[in-house]
Amino acid sequence: MAPIIELENVSTVYEGERRPAIKNINLTLEEGELAYIIGPNAAGKTTLLETINGLLPIFEGRVSVFNLDVEKYGREIRCQIGYVPQDFMVDPGEPYTALDVVLMGRYGKIGVLRRTSREDKERAIEAMRLLGVEELANRPIGKLSGGQQQKVMIARALAKEPRIFLLDEPFSNLDPESRDKISALIDQIRRERNITTIIVTHDIGQISDSCHRVVVMNGGRIIADGKPSEILKDIREFLPKEYWWSSL
Amino acid sequence: MIWLEYAIFQRALIGGIIIGLLAGLIGIFVVRMRLSAIGYSMSHSAFAGAALGVAISIDPLLTALVFSAVTALLIGPVADKARLPIDMITSIAFSLNMALAFIFLTLSPQVGLSSEVASVIWGSIVAVTNRDLVYLVILCSTTLALTYLFWKELFAIMFDRRMAEADGINTKPFIYFMIFLVGIVVAFSLKLVGGILVYALLFNPASSALQYLHDMKKIIVLSPIIGAISCVTGFFMSLIFDMPVGSCIALVSTLIFALSVTFSPKRKRRVKT
């Protein structure tokens, strides 16, 4: 299968900092692959997603997505990526409805000087229906609970009809029932549409059965990368005790 | 209302309505895109430009426009180049422009606080000309047309710039353009409202409108209406009490903001829950 995401010796430094947040990262993901990135806090998991998404300047190395250089074609690439950021919480007074926020996911794809069509709205509503938040469409986003807001953000990523999912702790505010349901939904959509998917989690218990790969990060580096059965078996070797103990 | 029979007051009233609409509209973008420091900085760069115009005896509108445009075009790229927040660069530009404004005013050939100098500082009803009105109508129509054409992108950037970027919207040109537009609107508002208080018209109507509604599409209509009401009420207050028009407009818009905060339906709902 063709590689969709390729990182070669990539290091990223945040503005105003000297120490790279991620160092010498080499990672290749193929079409339709499902990878989980695990690791303790400040391991560089979010930075890795933002580097793939072209949201952070690359200090060293090369990132290509769909065989395109992220630094050159970042905007075009991002139009094809469904991104759910970590802990995206909205102020209660935000003057946007949940539907507004989901529909925005399609704006980059629609393009400049083009209006949203009926089809765009239907896709947004359909994504909300799949996530079980359709009845909240016209409610102000800031008035929704943390879990509901998280579902809206996942619906936003789905509505985009992306070729890649980059999901950063997408289930952190969900109850176990919703988490299992949405995890299964994402997996089903991934398989149906062959979407390359990276899910960041700090909780090993959230790794789904259909996961192809587990990438372990610590201190800004990839310290292990392989099949879930191999990695999880030896997790105690890779990560500090406090981490795997709390995740079990 | 005998005043309104005179062309000079008619012009000022029409000019005030257009400026109120424009500032109210642009103000929403300024507040939501967190460009508040830009509002201060642009109003004072226009003020410095107008002061230079008075000092060297050329049209203050022209020099205000040049100063605003140059500041607007420099702020974004300088912030990017220096890798510093835009607010930091605008704060530096703010102090520089205020210093220049007062130096230019002291260099003015006119003695003391002449009417032209005073109008640059506090605004003046008599300063609005027919030519200014034509420019204001063109600026207002252009701003409305651009807002309509790029509404989708502006709407997303106002929600969250980083998420808009993640969705594939190139946010930088829109931010730079907004900074530029603020400069132009401020320069045109300067004659009526004055350099010291013009930013009140950018923030107060927008902040008031945000107290009432949960829907950005309605807020973008309400804010210009509040801006126009502030200008018209301030205009009549200035005539009745013989006070500077800029101060009256700033007072009215601040009063509307205070009332909006007090009677905000958003706050009432929050207390109930």
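**Close-up views of a predicted two-chain model**

**View 1. Strand S7 of chain A and its partners.** Strand S6 (residues 81-84) of chain A pairs with S7(A) in the parallel sense over four bridges. Strands pair where DSSP finds at least two bridges between them; helices (H or I, at least four residues) and strands (E, at least two) are DSSP runs, numbered from the N terminus. The model is predicted: local features need pLDDT of at least 70 and side-chain atom pairs count only at pLDDT 80 or more, whereas totals for chains, interfaces and linings use all residues. Residues are numbered from 1 along each chain as its sequence is written, while chains are lettered from A and ligands numbered from 1 in the order in which they are written.

View 2. A residue is buried if 20 or more other C-beta atoms, placed from the backbone, lie within 10 Å of its own, exposed if 12 or fewer, and partly exposed in between. Five of the five residues of S7 (residues 164-168) of chain A are buried, so the strand is largely enclosed by the rest of the structure. In a regular strand the side chains alternate between the two faces of the sheet. Here, one side of S7(A) holds Ile164(A), Leu166(A) and Asp168(A), the other Phe165(A) and Leu167(A), and all are buried.

**View 3. The two domains of chain A.** An automatic or database assignment sets the domain bounds, and chain A is divided into domain 1 (1-80 + 162-248) and domain 2 (90-161). Their C-alpha centres lie 24 Å apart. Twelve residues from domain 1 of chain A and twelve from domain 2 of chain A take part in the contact, where contact means C-beta atoms, placed from the backbone, within 7 Å. On the domain 1 side, helix H7 (residues 176-193) of chain A gives the most, with four residues.

**View 4. The contact between chains A and B.** In this contact, 22 residues of chain A meet 20 residues of chain B. On the side of chain A, helix H2 (70-78), helix H3 (98-104) and helix H4 (107-110) each give two or more residues. The largest share, three residues, comes from H4(A).

**View 5. The largest nonpolar core.** A nonpolar core is a set of buried Ala, Val, Leu, Ile, Met, Phe, Trp, Tyr and Cys residues joined through C-beta atoms within 7 Å. The largest such core has 161 residues, and Val102(A), Ala155(A), Ile26(B), Ala51(B) and Val182(B) have the most contacts inside it. Helix H9 (residues 171-193) of chain B supplies the largest share, 13 residues. From chain A, domain 1 and domain 2 each contribute at least three residues to this core. Neighbours within four places in sequence aside, Ile26(B) is in contact with Leu181(B), Val182(B), Val185(B) and Leu202(B).

**View 6. Chain A as a whole.** Chain A contains ten helices and ten strands. Its C-alpha atoms fill a box of roughly 50 × 40 × 40 Å along the principal axes. Of its 248 residues, 46% count as buried.

Technical notes: Contact = placed C-beta atoms within 7 Å.
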